[in-house]
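Colleague: Could you take me closely through one part of this model, the open sheet and the helices that lie across it? I would like one connected account, with the cut-offs behind each term.

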Amino acid sequence: MTSRVTARAYANIALCKYWGKLKAEINLPATPSISLALDVLHTDTTVLRIDGNVDQFQIDNKPADESTHKRLAGFLDLWRDKNLIEGCFSIESENHFPTASGLASSASGFAALAMALSGFAKRKLNKMELSRLAREGSGSAARSIPGGLAKLPVGSDPAAIQILPAGEIPWGMVVAIVEGAEKKIGSREGMRLSDQSSPYYKNWLSQAKQDYSSMLAAIKQMDFKRIGVICEANALAMHACMIATRPSLLYWTKTTVDIIHAVSAWRDSGLETFFTIDAGSHVLLLCKTDDLEKVVEEVKSIKGVVLAKVGSPADGAQIIEMS
Ligand code: PMV
């Protein structure tokens, strides 16, 4: 019988964003999304079978806080309710991120946990089943199961599918961590508020669907410029919907806006890079592999950027140790 499993998963950054749920209980996305998994952001999770009837959770060597504990225990219950696992477990999860910025940690966290739990499952789970399960933990985690360039369509119970493996992706992203960037409202609550009160929510949903189709076509042609243009426009459309939410979900800081302006100036001078921003103030800069070093140096020169790191494409979640 399996007693201990360690799995690794990489965080992913969406080029076409997921923002909005059709059914909150099972994280059914209201928008289709496309993402790139990055090697600079990963989570290692070890799951141990334990006696007794209470699960235990340690995140980054500290006991999980109450709300995280509740969310993770709920995730294990989901697996037990589906009769995939039995008994109780101790979970130790460690995030390997450039800083404790919280950047996309739920994606790599739930993907690593789902992959590790699969080592205890009563039957073999394929990648699509695992992606669906990870999605119920966190919507974006579904895309960290296949990794590389992955798409998560909308549907009654969607799973993410890999479009291109890491080794075939000739681009990367620079992760720019900006100062003073504490997340105020998390994505779960933020999506609920946008749905309830943003006057642009419906427009966002229809634009997101168009962007998804255009992005898939651009990827098929490996048309980097078109991919970048859609990526930026999609992030701005999501943020327009967020900013118009009542109360406003304005995640940007002055430095975020300074980077947005700088990116367009760099492009004018011939450096082809495009930004995207999640539910926070950090900025991700998409560029061709050959330009990554140049972009990271440019970003470091902007006041208010506390850290800038090169991220290369990463593959999907994997079990790295099992006994
Ligand atoms: O998986 P969640 O619930 O953290 O939602 C992710 C939302 C965004 O990061 C803003 C967009 C995305 O598609 O990753």
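Modeller: Strand β10 (residues 171–178) and strand β12 (residues 283–288) pair in the antiparallel sense over six bridges, where pairing requires that DSSP finds at least two bridges between two strands, and strands are DSSP runs of E with at least two residues, while helices are runs of H or I with at least four, both numbered from the N terminus. Within this pairing, Trp171 has Lys288 of β12 as its bridge partner. This is a predicted model, in which local features need pLDDT of at least 70 and side-chain atom pairs count only at pLDDT 80 or more, whereas totals for chains, interfaces and linings use all residues. Residues are numbered from 1 along each chain as its sequence is written, and side-chain values use heavy atoms, with hydrogens and water left out.

The two strands belong to an open sheet of four, ordered β11-β12-β10-β13 with antiparallel pairing. Its edges are β11 (273–276) and β13 (305–311), each of which pairs on one side only, and the twist from one strand to the next averages 25 degrees.

Helix α8 (residues 254–268) lies across β10, β11, β12 and β13, and runs at about 160 degrees to β11; contact here means heavy atoms within 4.5 Å. Angles run from 0 to 180 degrees between N-to-C directions, with axes fitted as lines to C-alpha atoms, for helices over the stretch in contact. Helix α9 (residues 292–300) also lies across β10, β11, β12 and β13, running at about 175 degrees to β13.
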